[in-house]
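Please view the sequence and the model alongside the notes.

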Amino acid sequence: MEPIKRIALVAHDHCKRDMVEWVEWNRQVLLRHQIICTGTTGRLVEDALTKLGQKGSGSTITKLKSGPFGGDQQLGAMIAEGKIDVLIFFWDPMQPQPHDVDVKALLRIAVLYNIPCACNRATADFLISSHLIDERYVPVVRDYTDYLQRRIDM
């Protein structure tokens, strides 16, 4: 990971207000990095930063599809391709989601590729305030060669 991180922001509907408040509070740090969001979250984040006069301060916001329309899967693919360094995902533990399997897959891929992942505001606060957020960092990635080369009897 380079000093400028590619930070993915995702929030379920009942968590979007928290995400916008969190982004407003942490905008100075976030604007030093690239921001990637699922659709609706991206629009709200962009609106909040524009309202604060912060849009265009060096950071780019890439908006993917909305989560239920494939945005979570797009993010998962970007993680697998090494195009996401940090995932901030405020998911709603009290509401079933029509795309629960996609949510689970996204969280699984974040763990598989060992990227920092915050699923609530407190963890996101710890992550964004770490000195590592602005430094080069090389995460330890487990070697899955044995798994990929395993023999399949048919």
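Which residue just after H4 takes a positive phi? Gly 82 does, with a phi of about 75°. The model is a predicted one. The points below are grouped by topic.

**Helix H4**

- Helix H4 spans residues 71-80, and its buried residues are Gly 71, Asp 72, Leu 75, Gly 76, Met 78 and Ile 79.
- Viewed down the axis of H4, these buried residues fall within an arc of 160°, so they line one face of the helix.

**Aromatic rings**

- One aromatic pair turns up in a search of the whole structure.
- The pair consists of Trp 22 and Phe 90, whose ring centres are 6.2 Å apart and whose planes stand at 70°; the pair is therefore edge-to-face, since planes over 60 degrees apart count as such.
- Trp 22 sits in helix H1 (residues 16-25) and Phe 90 in strand S4, so the pair links distant parts of the chain, 68 residues apart.
- Trp 22 has a relative accessibility of 0% and counts as buried, because the cut-off for buried is under 20%.
- Phe 90 is buried as well, its relative accessible area being 3%.
- In a contact of a charge with a ring, Arg 150 lies over the face of Tyr 147, at 3.9 Å from the ring centre.

**Largest pocket**

- The volume of the largest pocket is about 210 Å³.
- Its lining is made up of 18 residues, and those that lie nearest the pocket centre are His 12, Asp 13, Lys 16, Pro 68 and His 99.
- Strand S1 and helix H3 (39-51) each supply at least two residues of this lining.
- Helix H3 gives the largest share of the lining, with three residues.

**Thr 41 in helix H3**

- Thr 41 is located in helix H3.
- With a relative accessible area of 2%, Thr 41 is buried.
- Leaving aside residues up to four places away in sequence, Thr 41 touches Leu 9, Val 10, Ala 11, Lys 16 and Met 19.
- One of these contacts, Lys 16, is also one of the residues nearest the centre of the largest pocket.

Definitions and conventions:
Residues numbered from 1 in each chain as written. Predicted model: local features only at pLDDT ≥ 70, side-chain atom pairs only at ≥ 80, totals over all residues. Heavy atoms only, no water. Buried < 20%, exposed > 50% of the residue type's maximum accessible area, 1.4 Å probe, protein only. Helix = DSSP H or I, 4+ residues; strand = E, 2+ residues; numbered from the N terminus. Arc of directions from axis to C-beta. Phe/Tyr/Trp six-rings, centres within 6.5 Å; stacked < 30°, edge-to-face > 60°. Lys NZ or Arg CZ within 6 Å of the ring centre and 35° of its normal. 1 Å grid on protein atoms, 1.4 Å probe; cavity = no way out; pocket = protein on both sides within 12 Å on 5 of 7 lines; lining within 4 Å. Points joined across faces, edges and corners; volume = space filled by probe spheres on them. Contact = heavy atoms within 4.5 Å.
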